[in-house]
Amino acid sequence: MTDKLITVKEVSLNNNCPECYSTDGLTLTFKQKFKETKFYRSITNEVVEELKCNKCQSTIYPVSWTDAIDRVVDYQKKAFVPKPASLKLKRLAWIIFIVIDLITLLVILMLLFPEVLGMS
Ligand SMILES: [Zn+2]
């Protein structure tokens, strides 16, 4: 099973970068966790925020956020609407379901009409 993060929203912030003090480099990215297995692909409710500066190419961790950044991130978090959690079955899952259905049907037929299948 693989967990991936997909970018759902990107917001440019006007705050000073704590690293290079540039005011037009900060970008807040919202990423949502996405799970993928052989059977299904699903989007979870788990959201991760990441703050990056495009000027100095550094990731700004919450430890070094200023109060102003904290406030803006908080505001953006409230305004952010995540993608609804969803689950999408892959073809393999459908094939397995169909096979299970067919087997169930066969078992029922065998129980109801054993003579048809020469089982009596
Ligand atoms: Zn910077």
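Is glutamine 57 buried or exposed? With 10 C-beta neighbours inside 10 Å, glutamine 57 counts as exposed. I'll come back to that residue after the overall layout. One caution before that: this is a predicted model.

Start with the elements. The chain has two helices and five strands. Reading from the N terminus, they run β-β-β-β-α-β-α. The radius of gyration is 26 Å, well over the 14 Å that the globule rule gives for 120 residues, so the chain is more spread out than a compact globule. The C-alpha trace spans about 85 × 25 × 20 Å along its principal axes. As for burial, 11% of the 120 residues count as buried.

Next, the domains. The chain is divided into domain 1, residues 2-89, and domain 2, residues 91-120. Taken over C-alpha atoms, the centres of domain 1 and domain 2 are separated by 49 Å.

Now the contacts. Consider those between residues at least 6 apart in sequence: 65% of them join residues at least 24 apart.

What makes up the largest nonpolar core? It has nine residues: Leu13, Cys17, Leu26, Leu28, Leu51, Cys53, Ile60, Ile69 and Val73.

Leaving aside neighbours within four places in sequence, leucine 26 is in contact with Leu13, Asn15, Cys17, Leu51 and Cys53.

Last, the backbone, and two residues to look at on the screen. Most residues other than glycine have a negative phi. Tyrosine 21 has a phi near 65 degrees, which is positive, and it is not a glycine. Tyrosine 21 sits in the loop between β1, residues 2-12, and β2, residues 26-36. Tyrosine 21 is exposed, with 11 other C-beta atoms within 10 Å; the cut-off for exposed is 12 or fewer.

That brings me back to glutamine 57. Its phi is positive as well, about 55 degrees, although glutamine 57 is not a glycine. Where is glutamine 57 found? It is in the loop between β3, residues 40-53, and β4, residues 59-60. And its 10 C-beta neighbours inside 10 Å are why glutamine 57 counts as exposed.

To recap the two: tyrosine 21 is in the loop between β1 and β2, and glutamine 57 is in the loop between β3 and β4. Tyrosine 21 is exposed, and glutamine 57 counts as exposed too. That's it from me.

Note on methods
Residues numbered from 1 in each chain as written. Predicted model: local features only at pLDDT ≥ 70, side-chain atom pairs only at ≥ 80, totals over all residues. Helix = DSSP H or I, 4+ residues; strand = E, 2+ residues; numbered from the N terminus. Buried ≥ 20, exposed ≤ 12 C-beta atoms within 10 Å, placed from the backbone. Rg over C-alpha atoms; globule rule 2.2 N^0.38 Å. Contact = placed C-beta atoms within 7 Å. Domains from an automatic or database assignment. Core = buried A, V, L, I, M, F, W, Y, C linked by C-beta atoms within 7 Å.
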